[in-house]
Amino acid sequence: AFWGVHGYDAIWQAALIQELTTHFPPQNPAFAGEALKNYHFLTDLFYAQVHKITSISILNLYFRFGPLLFVLLLNALIYFFVKRWSGKTSVACWAVFFASIAGSFGWALQLFGKGSNNWETAFWGIQPTSAFLNPPFGVSLILLMLGLILFNLYLKEKSPNLMLLCAFVFGLLIGFKVYAGIIALGALGVLGGL
């Protein structure tokens, strides 16, 4: 029932969440008895804690409730950021609309005999319809939006505390999706050097 574009990853993530309900630091789900090292598992730790507190099944958390919660949170942050940035409600509504339904044209590659059968991640972008089936990716989008909101506030108020909070949020990204954290902190460093 849960096999799809993120099928293998979903099985691995569910096993890691189960492991985190009983062990910390966790063992690697793919190699019994080996500690999991150098992996961004904060999303999995979040799911494990929610499972322990609520007893909601891990698969329901992973495939039903988590994606719903995260997509609502992301859309609220997109709306808040764009409304504050543009000052227009209509622009904020359009931003939420396009963030929710717009995807890449990866599917068009097959029309020209190019690419593979997996157009889902063509051009290195996950489609909005399945982005939250990869929770670390989805949470990284939420943290990026929160960081952008804080950075926008910093530009207006010039408060050092806001910059520290912004750096903290962008730094948290590394625990959720490493490449997102590296990009965000690198960009923040470049902006700080200007």
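**Entry: Ala131.** I began with a single residue in this predicted model. Is Ala131 buried or exposed? Its relative accessibility is 5%, and buried means under 20%, so Ala131 counts as buried. I then checked where Ala131 sits: it belongs to the loop between α5 (108-111) and α6 (135-157). I also looked up a distance from Ala131 to Leu141, which is 10 residues along in sequence. From C-alpha to C-alpha, the two are 9.6 Å apart in space.

**Entry: the whole protein.** Next I stepped back. How many helices and strands does the protein have? I found 8 helices and 0 strands. Following the sequence, I wrote the pattern down as α-α-α-α-α-α-α-α. The protein has 194 residues, and 37% of them count as buried. I looked at contacts between residues at least 6 apart in sequence, and 50% of these join residues at least 24 apart. The accessible surface comes to about 11600 Å², and carbon and sulfur atoms account for 69% of that.

**Entry: helix α7.** Which residues of α7 are buried? My list reads Leu162, Cys166, Val169, Phe170, Leu173, Gly175 and Phe176.

**Entry: Lys177.** Then I moved on to Lys177, in the loop between α7 and α8 (178-193). Lys177 has a relative accessible area of 13%, below the 20% limit, so I marked Lys177 as buried. What does Lys177 touch, leaving aside neighbours within four places in sequence? I noted contacts with His40, Asn134, Pro136, Phe137 and Ser140.

**Entry: cysteines.** I searched for disulfides and counted 0 in the structure. Cys166 is buried, at a relative accessible area of 0%, whereas Cys93 is partly exposed, at 42%.

Entry: I followed up on Ile101, which is found in helix α4 (residues 89-101). Ile101 has a relative accessible area of 53%, and exposed means over 50%, so Ile101 counts as exposed.

Entry: Pro25 is found in the loop between α1 (7-20) and α2 (42-54).

I turned to phi after that. Ser55 has a positive phi, near 65°, and lies in the loop between α2 and α3 (58-86). Ser55 is exposed, with a relative accessible area of 60%. Lys158 has a positive phi too, near 55°. I located Lys158 in the loop between α6 and α7, and Lys158 is exposed, at 53% relative accessible area.

Note on methods:
Residues are numbered from 1 along each chain as its sequence is written. This is a predicted model: local features need pLDDT of at least 70, side-chain atom pairs count only at pLDDT 80 or more; totals for chains, interfaces and linings use all residues. Side-chain values use heavy atoms; hydrogens and water are left out. Buried means under 20% relative accessible area, exposed over 50%, partly exposed in between (1.4 Å probe, protein chains only). Helices (H or I, at least four residues) and strands (E, at least two) are DSSP runs, numbered from the N terminus. Contact means heavy atoms within 4.5 Å. Accessible areas come from the Shrake-Rupley method with a 1.4 Å probe; for residues, only the protein chains shown count as cover. A disulfide is a pair of cysteine sulfur atoms within 2.5 Å.
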